[in-house]
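Biologist: I am new to this structure, and I would like to go through the terms with you one at a time. Could you show it first?

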Amino acid sequence: MLWLAIVVFAALAIAVLRGGRLVNLGDIELGWGWLLFVALGLQLGTRFLPDESWADWVGVMMVLVSFALLMAMVLRNRSKPGMWIAGLGVLMNFIVIAANGGMPVLAGAAEVASGFTVADPDLSGSFKHVPLDASSQLTFFADVIPLRLIGIGEVISLGDILLALGLGVFLEHELRRPRRYFKRGAQAEPGSARRP
């Protein structure tokens, strides 16, 4: 999503201005980091589900499993700065999606985000989003916050904001820490000073 990309860019820029190093990006270590790619693959995979009745619950389950995997990765890296904030955001999104069979989207917020060009958002084909109505639960955690950046509108949730904030804190910390010149667990060859 555009807003998340902007948050990441802003975090990197702030970190560099405060003395951080972009080269540190190559040294970031995330336990179970592969879960991030599996979670992303699950969410992208919902786009290829057929237009059948059984695909509705399968798509929602794929989205929920992806969020569960993200929470597992966050727990594995809970000692890193920003991870608890990001994890809270992921948990909020997981709960509201599980309670409603999808993330409720407020039509009024979508209209504002679109620059008042779309009165009713088209959520057809989306297993992650459902219209927000009187039967929706936990609407405080739903997609109710309109956001418009460089002509592109999105509707985000409180969980999305916490996820972005946590990710920003994590990246800012990683770029500002001292550079690691020796990889953890690296085996060094003995030098010329070694005695025979």
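Modeller: The chain holds 6 helices and 4 strands, where helices (H or I, at least four residues) and strands (E, at least two) are DSSP runs, numbered from the N terminus. This is a predicted model, in which local features need pLDDT of at least 70, side-chain atom pairs count only at pLDDT 80 or more, and totals for chains, interfaces and linings use all residues. Residues are numbered from 1 along each chain as its sequence is written, and side-chain values use heavy atoms, with hydrogens and water left out.

Biologist: What is the mean confidence of the chain, and where is confidence lowest and highest?

Modeller: The mean pLDDT, the predictor's confidence in each residue from 0 to 100, is 87 for the chain, and 90% of its residues reach 70 or more. Confidence is lowest in helix α1 (residues 2-17), at a mean of 81, and highest in helix α4 (residues 83-100), at 96.

Biologist: What makes Glu172 and Arg18 a salt bridge?

Modeller: A salt bridge is a side-chain nitrogen of Lys or Arg within 4 Å of a carboxyl oxygen of Asp or Glu; the closest N and O atoms of Glu172 and Arg18 are 2.8 Å apart, so the pair meets that rule. The pair links distant parts of the chain, with Glu172 in helix α6 (residues 158-176) and Arg18 in the loop between α1 and α2 (34-45), 154 residues apart.

Biologist: Why is Glu172 called buried, and why is Arg18 called partly exposed?

Modeller: Buried means under 20% relative accessible area, exposed over 50%, and partly exposed in between (1.4 Å probe, protein chains only). Glu172 has 15% relative accessibility and therefore counts as buried, whereas Arg18, with a relative accessible area of 48%, is partly exposed.

Biologist: Which salt bridge does Arg177 form, and why does Glu174 count as buried?

Modeller: Arg177 forms a salt bridge with Glu174, their closest N and O atoms being 3.1 Å apart. Glu174 counts as buried because its relative accessibility is 6%, and Arg177 is likewise buried, at 13%. Elsewhere, salt bridges that share partners join Arg18, Glu172 and Arg176 into one network.
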